[in-house]
Amino acid sequence: MRPSQAGATELPNLDAILPRLNDQMRDDDIWGEVADYIPELARIDPRQFAIAVVLADGTLHSAGDADTPFSVQSVTKVFTLAIALGRIGDQLWTRVGREPSGRAFNSIVQLEQEQGRPRNPFINAGAIVTTDAVLGNRQPREALAEIVQFVRTAAGTDDIHINNKVAASETTFGHRNFALAHFLASCDNLTNRPEMTLGTYFHHCALEMTTVQLAMAGRFLVDAPGLPRLVTPRRIRRLNALMLTCGHYDGSGDFAYRVGIPGKSGVGGGILAIVPGVASIAVWSPGLNRYGNSLKGTEALASLARQMSWSIF
Ligand code: DON
């Protein structure tokens with residue numbers, strides 16, 4: 001870590017804090033439940049934990065199973081949203097809202113009440129529309145190549161791949177997402193066939209990354225001079241605003257209260273959290289809380305934010 005300027009408060013030492021946090025997480029034997037509606041994810045051992053932090057000066061700090069690849073799932077929605085906004089800009093908002101949903105990530109009822117315009121781009125219905133915008137009039141493999149390339153560029157490595165078994169597993173059991181996609185199509189809010197948009201969606205959700213790779217990929221959302229900038233500062237602020245208000249579904253308020261920084265979760269147990277201007281943080285632990293967000297991941301972020309005095313408030 002860079003020595004602090006005279007008079008500035010020294011940042012607590014992450015290389016001491018992260019291993020201690022890793023030990024604390026493993027001491028307590030309540031790990032939550034792995035997502036079982038995607039059979040390939042149901043087989044994962046919940047007793048795993050990792051944390052990685054990239055600071056604005058580019059230094060990387062990690063502890064736990066930080067080099068174990070896991071299914072990123074909904075965390076990819078941040079990347080696809082950035083790509084969709086890059087492709088069609090504010091037009092996206094004619095098709096998707098920007099309000100917290102207060103409902104489960106895969107809820108169906110609100111979509112009908114609101115005539116097929118999903119509340120936000122992070123609930124499944126909104127992410128399906130966002131994926132449809134990324135797809136445009138291309139073939140799924142072209143859109144997927146763009147998504148994978150964006151994530152690889154953000155992370156600074158080519159060693160990031162889609163797990164086709166996870167995508168196939170979700171396709172076979174993705175009845176709710178098919179229901180959402182067909183309802184969207186019935187409201188003229190999909191430009192591609194539901195099967196095509198969903199195929200693209202399931203595959204980008206099945207991207208696998210390590211916790212270190214995810215923290216590295218999150219650098220583009222920090223907006224610090226020493227870190228890669230893939231989108232404009234204004235777009236970074238807006239992506240962070242959506243992560244804060246909608247990134248944890250009906251658990252977004254609780255996450256903002258306990259952790260105090262923007263974050264995006266996935267049912268694979270990963271969370272990407274951003275301290276604007278300061279750090280990109282990834283945590284992973286596959287056991288989930290009742291909102292479908294990583295149980296230990298949330299606890300660890302709350303503890304880290306407290307110890308580092310990190311909060312946007
Ligand atoms: O569509 C789904 O249900 C999954 N591919 C992604 C959901 C997800 O990760 C929700 N996050 N906590």
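This is a predicted model: local features need pLDDT of at least 70, side-chain atom pairs count only at pLDDT 80 or more; totals for chains, interfaces and linings use all residues.
View 1. An oxygen atom of the ligand lies 2.5 Å from an N or O atom in the side chain of S74. For the side chain of N177, the corresponding separation between an N or O atom and an oxygen atom of the ligand is 2.9 Å. The backbone takes part at G292, where a polar backbone atom is 3.0 Å from a nitrogen atom of the ligand. On its own the ligand has 340 Å² of accessible area, and the protein covers 100% of this.

**View 2. The shell of residues around the ligand.** By residue class, the shell consists of 8 polar, 6 nonpolar and 1 charged.

**View 3. Q110 in helix α4.** Helix α4 spans residues 109–113 and includes Q110. Q110 has a relative accessible area of 8%, which is under the 20% limit, so Q110 is buried. Leaving aside residues up to four places away in sequence, Q110 touches S101, R103 and R119.

**View 4. The hairpin of strands β1 and β2.** Strand β1 covers residues 50–55 and strand β2 covers residues 60–64. The two strands run antiparallel and are joined by 5 bridges. A52 stands opposite S62, a residue of β2. Between the strands of the hairpin there are 4 residues, and G58 takes a positive phi near 90°.

How values were computed
Residues are numbered from 1 along each chain as its sequence is written. Side-chain values use heavy atoms; hydrogens and water are left out. A residue is near a molecule or strand if one of its heavy atoms lies within 4 Å of it. A polar contact is a pair of N or O atoms within 3.5 Å; within protein, one must be able to donate a hydrogen and the other to accept it, and residues adjacent in sequence count only if both atoms are side-chain atoms. Accessible areas come from the Shrake-Rupley method with a 1.4 Å probe; for residues, only the protein chains shown count as cover. Ala, Val, Leu, Ile, Met, Phe, Trp, Tyr, Cys and Pro count as nonpolar, Asp, Glu, Lys and Arg as charged, and the others, Gly among them, as polar. Buried means under 20% relative accessible area, exposed over 50%, partly exposed in between (1.4 Å probe, protein chains only). Contact means heavy atoms within 4.5 Å. Two strands pair if DSSP finds at least two bridges between them.
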